[in-house]
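Hi,

Here is the model I promised to pass on.

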4 protein chains.
Amino acid sequence: MIIVLKPQATPAHASELIDRIAALGLRPLHMPGTERVVLGALGDERVLESLHLDSHPMVESVKPILAPYKLVGRDLHPADTIVSLGGVDFGGERIVVIAGPCAVESRDQLTRSAAAVAEHGGRVLRGGAFKPRTSPYSFQGLGAEGLAILREVAGELGIPTLTEVVDIADLELVDRFADGFQLGARNMQNFRMLKAVGQSRKPILLKRGPAARIDDLLLAAEYVLAEGNPNVILCERGIQSFDTATRNTLDLAAVPAIKARSHLPVVVDPSHGTGVRDYVAPMAKAAVACGADGLLIEVHHDPTAALSDGPQSLYPDQFGQLMRELEPIARATGRSL
Amino acid sequence: MIIVLKPQATPAHASELIDRIAALGLRPLHMPGTERVVLGALGDERVLESLHLDSHPMVESVKPILAPYKLVGRDLHPADTIVSLGGVDFGGERIVVIAGPCAVESRDQLTRSAAAVAEHGGRVLRGGAFKPRTSPYSFQGLGAEGLAILREVAGELGIPTLTEVVDIADLELVDRFADGFQLGARNMQNFRMLKAVGQSRKPILLKRGPAARIDDLLLAAEYVLAEGNPNVILCERGIQSFDTATRNTLDLAAVPAIKARSHLPVVVDPSHGTGVRDYVAPMAKAAVACGADGLLIEVHHDPTAALSDGPQSLYPDQFGQLMRELEPIARATGRSL
Amino acid sequence: MIIVLKPQATPAHASELIDRIAALGLRPLHMPGTERVVLGALGDERVLESLHLDSHPMVESVKPILAPYKLVGRDLHPADTIVSLGGVDFGGERIVVIAGPCAVESRDQLTRSAAAVAEHGGRVLRGGAFKPRTSPYSFQGLGAEGLAILREVAGELGIPTLTEVVDIADLELVDRFADGFQLGARNMQNFRMLKAVGQSRKPILLKRGPAARIDDLLLAAEYVLAEGNPNVILCERGIQSFDTATRNTLDLAAVPAIKARSHLPVVVDPSHGTGVRDYVAPMAKAAVACGADGLLIEVHHDPTAALSDGPQSLYPDQFGQLMRELEPIARATGRSL
Amino acid sequence: MIIVLKPQATPAHASELIDRIAALGLRPLHMPGTERVVLGALGDERVLESLHLDSHPMVESVKPILAPYKLVGRDLHPADTIVSLGGVDFGGERIVVIAGPCAVESRDQLTRSAAAVAEHGGRVLRGGAFKPRTSPYSFQGLGAEGLAILREVAGELGIPTLTEVVDIADLELVDRFADGFQLGARNMQNFRMLKAVGQSRKPILLKRGPAARIDDLLLAAEYVLAEGNPNVILCERGIQSFDTATRNTLDLAAVPAIKARSHLPVVVDPSHGTGVRDYVAPMAKAAVACGADGLLIEVHHDPTAALSDGPQSLYPDQFGQLMRELEPIARATGRSL
């Protein structure tokens, strides 16, 4: 850690800080420059946090050298992690497409939508039973009934399921019905929830929050791994920006940026990432081209009747066409669908 | 609601949509322009939501006319609402300063910090027992013990308390110890929590999320009011932006913008809003000048020892000086501290 | 155009506005709703601008129906435009890679860098002679001498050149040496410059500004077309966001979003879009996968010696490898390099 | 400067870099940590720039210690600078209100608008003759005729003028008519223009660009000072954010943040900063409360007829009331209007 002192700091201030660093068992460094005195501290930066150097009135800035996460980082774990969700591997050679409607609306709706997913090569079925909605007047999901439908329909097709948990109280219930927990963008920093799913061994698909830096996402994943659950799949789904042409701004450079920092698999959600049906296919292809390990795509058998996210849901035919177009791109990157 | 059709939409498409609007009991309008056909629908726009017109492949865009919230809006409730928290009124002539340390760290720490708050005119004591922290390696709060300390210290000083709830499971516990619930920025769209606190009658201080538009904040408050709890205080605490000179970008124009739309009281948190001790006082004064009903300020008896948010915590003397400087500004706006 | 009146507007206000709309030769519409009176105006919305309805104290909001641009839009010009730059077509079946160093630094540097570009299939040579730099203490470009070197080196290789114009005063000079004008992100809304290059017939590569919405970019291009120059190539090069993992946030969804609105060709600059050498190749591939008509890539024979943008410049070998990897992706999208 | 090496860097890489630092006459430091090797370089960081260390394949990151600007910074120039514009001082005890219409539209319009400005205490008259407009179909200003009107009207009232320069070619013309040059947000990084106005001695009001960090604004000012013109007034006018309730997000914390870094005076433009007439007064008061040295406010004798920015222009009466309300706030901060 590098500690830059304010111009008005005296040698006595520097000595005091050096002593505090040494007292923690770290090796202090003293670098008196022409305009600023700079201190260094070599060792575990998490230990240094207890000194709260950034609160000191004579400290101008504190610059960490190491990443604030350990378990999710590549430094100590250079090889890619493969996470298995109900028998489907994320992070290996095959790119996984998770697909399905935004929300489970009825037995009939899910049966039809899921049939399209399975027919065209989707390997995990998604569908929300609990829907976090911006307005209290919007459809909020079928709850437990929705979970049962999801389980049943997926069982008939023989594919695993992924569904969102919005509250810790539902965790046990969802655990009985789903093969993986999705943590939504609004829950990315629900730290209590992160700890709770960290005590499970089920795979967690963790979505990046709309205002989360990549380091924030990795620290959120660190919560899960620190509790003992190594099965985390990270998901880029668009960040908040000023442009209104898309619902969110899909930050695809997050894919190589995360891969450079972490060994965890990364999937991309072009449906929420754009909010516009016609842009889903181009961005799905782009995600595969830049190295994503999977995709999360909203498909509805009749988007004009969808109770949520209809404008960004693909028609079954569109999904089929996309899957056919993804194949050669996957091959071009040395992978398969 | 205004519905703009795509250029390729035929008269048959327009008729179909007009029929669907009329079938809901709303009055449809047909406006055939030179380049686009535009439809209108007069009546309750929430009813229209069930038509999912924005999912229709021939619809280019849908433009709502009315605000998506009703209970928090000024249209049906033009007069300012006054919310009482433990006998202290928010939204009236007096501006309320809520102050205290970021986290309750110990009996001694809170006693000293709270004494400074009360001495200089802070009228509500804040202090976190459960701390949502970006890193799992940071201090996470004292939990129940922290709540007990908060209650005891505030009781001795005779002032009410405000503290954050981070999980629904803690609600009953916090309810016993605190006079108001704070919902943090990361929980602004925890809709389950919003419904839960909506069933209480305790005042809720609802912080704007870092990626939340003003309408998102108002819709979050609508969740609480829709459950029957009218006691919501809104809080501007900075939004996510690209500038790194401050921790967040304090959006003070949100104060008049919220007041134009809603009857609820608005407070400002210049501590999180800037993240820099030296900017807290200027922004606190600015908040009062532009019409805020209150302030939320972090004060610690020894910020260099603070376990969280030390860099943005005021020293007791700084808080005292700020309170003295706020007075004439409050008076200049026709109010008092 | 839809005009929403404030709740306090009287019938007299509505009549006054209706009369003003009719006086312009447009057809007014009156839609009295339960909570708001809404007016409509059918016809050319640019005519309506002269009414300044949004300034009226009884107008709550004004919602345009049509895009604010005409010449760059697809409504009146549905077919894709092909722009030829020195004999190289943008917008057709072949994807064009423009490459070269950020700045022309010397005869030797450009010769070596350009050789790598040409050897591996780059079809247009880029290189800046005038460099807009954030700091006055950074290298500012070789000016006229740089232009001469660029011309000479490209001439030897038989490929056209693209270079940035930073000031109208240089336009004649650059015109003599380059086959296309690049307008940088910081000049996207230099409207005088846009008009000046609009009077040329040379192709303009127009970069999106870091704070520009897609509509702002299209309006900037409208300036050029309105002056008579139809040869505009749009360039996505990253927008300003809060994340610091990359220099800018490359908004690849802008590619399909622009294509939906405009007939002009679109290229992507993954070098500025990420600022990180290792992310250039993944994002270049993603750009091709989502439909970009070309790429703009920084290549330097020795990036560690580059006077600007070294951290994002590819080594010649990396560029060669990227070009080989792009080929199958181009083919997968039905195009070629 | 601190240089963090990649984990795979060898001792030989470290030695090579240390030698290069020493060869420049700077003092190198070697800090081998447990997970990373960190190097330091003490001395003028601008010299180091020539090493392009951030381009080196074994360098993970480079962390500057000192601010990248010198002349505008407080380190070498701790006292506040006072800039005189036509006899009116910015940066002293009195807060200066610059006011007037967005654009000069006619002799009559400016006479009436300027009379209101002068009557209520505005001390500098603003008015644009060259208008940068997002759309080519919007009013672009009266040009030279507008300048002449501005000069004449201001002369009759005996107050100085400020007007925007949009192109270097107009500099001489504007110089003859105006007491200060305004550089608009879109020209903040027009470096050629910054150098050109740096060769004048006229005061420059430099507006922060919508995507500019505070350090970018200060570096832009450094361009002007580096050419010899110390008379720069900085202007916060709102940055680009995701919220649509206001035209821009007025970043008032920029006022104390700039004052902490620079000795230059700072003014705030609440008109562009909000884009909404009703929010101008609250934000003007907030700006004064947090320490701004002046305000830039749009006033029009009849905003509903304004050819640009009508929705954010104050009526003369509103301006009068605002000026009366600003007085006690200025007094409360120890200053006067």
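Let's start with how the copies are arranged. Chain B can be laid on chain A by a turn of 180° and a shift of 0.0 Å along the axis, with an RMSD of 0.0 Å (copies are superposed by least squares on the C-alpha atoms of residues with pLDDT of at least 70 in both). In chain B, the residue that comes closest to that rotation axis is B:A211, with its C-alpha at 2.7 Å. Of the interface residues of chain B, 98% are also interface residues in chain A, so these copies meet through the same surface (contact means heavy atoms within 4.5 Å).

Before going on, the ground rules: this is a predicted model, where local features need pLDDT of at least 70 and side-chain atom pairs count only at pLDDT 80 or more, while totals for chains, interfaces and linings use all residues. Residues are numbered from 1 along each chain as its sequence is written, chains are lettered from A and ligands numbered from 1 in the order in which they are written, and side-chain values use heavy atoms, with hydrogens and water left out.

Chain B also goes onto chain D, again by a turn of 180° with a shift of 0.0 Å along the axis and an RMSD of 0.0 Å. That is the relation of a two-fold axis. Here the C-alpha of chain B nearest the axis belongs to B:A286, 2.0 Å from it. Both copies use the same surface, as 100% of the contact residues of chain B recur in chain D.

Now for the aromatics. Rings of Phe, Tyr and Trp (its six-membered ring) pair if their centres lie within 6.5 Å; planes under 30 degrees apart count as stacked, over 60 as edge-to-face and the rest as tilted. By this rule there are four aromatic pairs over all chains. One of them is C:F191 with C:Y223: the ring centres are 4.7 Å apart and the planes are at 25°, so the pair is stacked. C:F191 lies in helix α6 (residues 191–198) of chain C and C:Y223 in helix α7 (residues 214–226) of chain C, so the pair ties together parts 32 residues apart in sequence. Helices here (H or I, at least four residues) are DSSP runs, numbered from the N terminus.

Cheers

Technical notes
Helix = DSSP H or I, 4+ residues; strand = E, 2+ residues; numbered from the N terminus.
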